[in-house]
Amino acid sequence: MRENGPVTSATRQPETPAATLPPRLIATDLDGTLLRDDKSVSERTVAALAAAEEAGIEVFFVTGRPARWMDVVSDHVHGHGLAICGNGAAVVDLHGGPGAHRFVKVRELARENALDAVRLVREAAPGTVFAIEQTYGFYQEPAYPKLHMEIPDTLASAEKLLAPDAPGAGEPVLKILAFHHELDPDAFLTVARDAVGDRATITRSSPSALLEISGPGVSKASTLELCCAERGISPEEVVAFGDMPNDVEMLTWAGTSYAMGNAHPAVIAAASGRTVANNEDGVAVVIEKILAERL
């Protein structure tokens with residue numbers, strides 16, 4: 001998930017990594033990457049995605065968004081219909097359309113680990129407030145801000161929301177959201193990672209101090225790797241795009257990767273190439289170039 005607001009900007013043309021194997025799969029983040037800041041998919045990008053699929057290159061949307069927020073791209077999933085949501089916590093079949101998606105794979109955050117993470121982050125960063133993202137439910141603490149324009153199913157402390165008798169107790173936890181009103185976003189990320197250690201995976205995709213906490217080893221990269229292995233696709237055959245710290249592992253794993261012109265400095269450092277900003281259709285620019293080189 002990402003709120004509007006670029007981190008850096010650039011207008012130059014794409015820097016192209018050295019060629020490896022012909023791409024068989026394109027993995028792209030959504031907010032700040034494929035989507036423009038108004039959350040639209042441009043006509044140019046729609047055409048590029050369709051052309052890639054027609055050329056036999058699978059396109060995977062790999063996002064921090066929950067499945068219920070995928071209507072913005074559900075018309076563009078083409079053949080396989082799959083998307084990786086929740087920073088790798090779920091693989092979702094979007095063919096049913098908004099509200100009718102099916103979870104194909106779930107990599108949940110165990111409630112014991114979730115409670116440990118909540119306790120440790122509270123101790124390390126007093127004032128942190130939490131929300132709980134589950135497969136179908138969203139629950140939050142009363143002080144958690146209305147960042148996502150949705151009404152939570154239940155308001156209670158995170159400890160109560162993660163208890164064995166909590167609402168939705170039989171439903172997998174995909175991730176925890178941790179928000180701090182005062183800390184610098186990158187500083188908050190460092191503090192939380194140091195406090196929690198290997199009990200969970202912590203990242204961020206928002207320009208505000210909003211962290212996303214998933215199960216140990218769960219990331220966009222690790223779930224994308226599983227999906228590619230099922231298809232016999234190697235990392236060298238993947239082209240990935242991203243703009244925020246939750247994309248770093250995916251961009252590092254893929255054989256060819258592009259940081260958007262509006263990307264966070266950590267993403268620029270991780271990627272093997274760079275394209276123009278999301279509002280300039282940076283993903284489409286690269287896809288068009290890939291397809292032109294195949295002619």
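Mentor: Start with a term: two strands pair if DSSP finds at least two bridges between them. Keep in mind that this is a predicted model.

Trainee: In β9, which residue is the bridge partner of phenylalanine 130?

Mentor: Strand β6 covers residues 129-134, and β6 pairs with β9 in the antiparallel sense over 6 bridges. Phenylalanine 130 has its bridge partner in β9, and that partner is alanine 178.

Trainee: In β11, what is the bridge partner of phenylalanine 179?

Mentor: β9 is also joined to strand β11 (residues 210-214), by 4 bridges, and the two run antiparallel. For phenylalanine 179, the bridge partner in β11 is leucine 210.

Trainee: How many residues of strand β9 are buried?

Mentor: Buried means under 20% relative accessible area. Strand β9 spans residues 173-179 and is mostly covered. The count of its buried residues is 7 of 7.

Trainee: Which strands are at the edges of the open sheet of 6 strands?

Mentor: The order in this sheet is β8-β7-β6-β9-β11-β10, with mixed pairing. An edge strand here pairs on one side only, and the two that do so are β8 (154-155) and β10 (201-203).

Trainee: Why is α3 oblique to α5?

Mentor: Helix α3 (residues 111-124) and helix α5 (residues 185-196) pack with their axes 9 Å apart, at an angle of about 125°. Angles under 35 degrees count as roughly parallel, over 145 as roughly antiparallel and 65 to 115 as roughly perpendicular, and the rest are oblique. The angle of α3 to α5 therefore makes the pair oblique.

Trainee: How many nonpolar residues are in the contact of α3 with α5?

Mentor: From α3 come Ala117, Leu120, Val121 and Ala124, which meet Phe188, Val191, Ala192, Ala195 and Val196 in α5. The contact has no polar and no charged residues, and the number of nonpolar ones is 9.

Trainee: In β2, which residue is the bridge partner of threonine 28?

Mentor: Strand β1 (residues 25-28) and strand β2 (residues 58-62) run parallel and are joined by 4 bridges. The bridge partner of threonine 28 in β2 is phenylalanine 61.

Trainee: How many charged residues are in the contact of α2 with α9?

Mentor: α2 and α9 pack at an angle of about 35°, with axes 9 Å apart. The contact is made by Arg44, Thr45, Ala48, Leu49, Ala51 and Ala52 of α2 and by Ala284, Val285, Ile287, Glu288 and Leu291 of α9. By class there are 8 nonpolar residues and 1 polar residue, and the charged ones number 2.

Trainee: Is aspartate 281 buried or exposed?

Mentor: Aspartate 281 is in the loop between β14 and α9. Beyond its neighbours within four places in sequence, aspartate 281 is in contact with Arg36, Ser42, Arg44, Thr45 and Val276. At 7% relative accessibility, aspartate 281 counts as buried.

Trainee: What separation is there between the C-alpha atoms of tyrosine 258 and valine 286?

Mentor: Tyrosine 258 is in strand β13 and is buried, with a relative accessible area of 4%. Valine 286 is 28 residues from tyrosine 258 along the chain, and their C-alpha atoms are separated by 8.7 Å.

Note on methods:
Residues are numbered from 1 along each chain as its sequence is written. This is a predicted model: local features need pLDDT of at least 70, side-chain atom pairs count only at pLDDT 80 or more; totals for chains, interfaces and linings use all residues. Side-chain values use heavy atoms; hydrogens and water are left out. Buried means under 20% relative accessible area, exposed over 50%, partly exposed in between (1.4 Å probe, protein chains only). Axes are lines fitted to C-alpha atoms, for helices over the stretch in contact, and angles run from 0 to 180 degrees between N-to-C directions. Contact means heavy atoms within 4.5 Å. Ala, Val, Leu, Ile, Met, Phe, Trp, Tyr, Cys and Pro count as nonpolar, Asp, Glu, Lys and Arg as charged, and the others, Gly among them, as polar.
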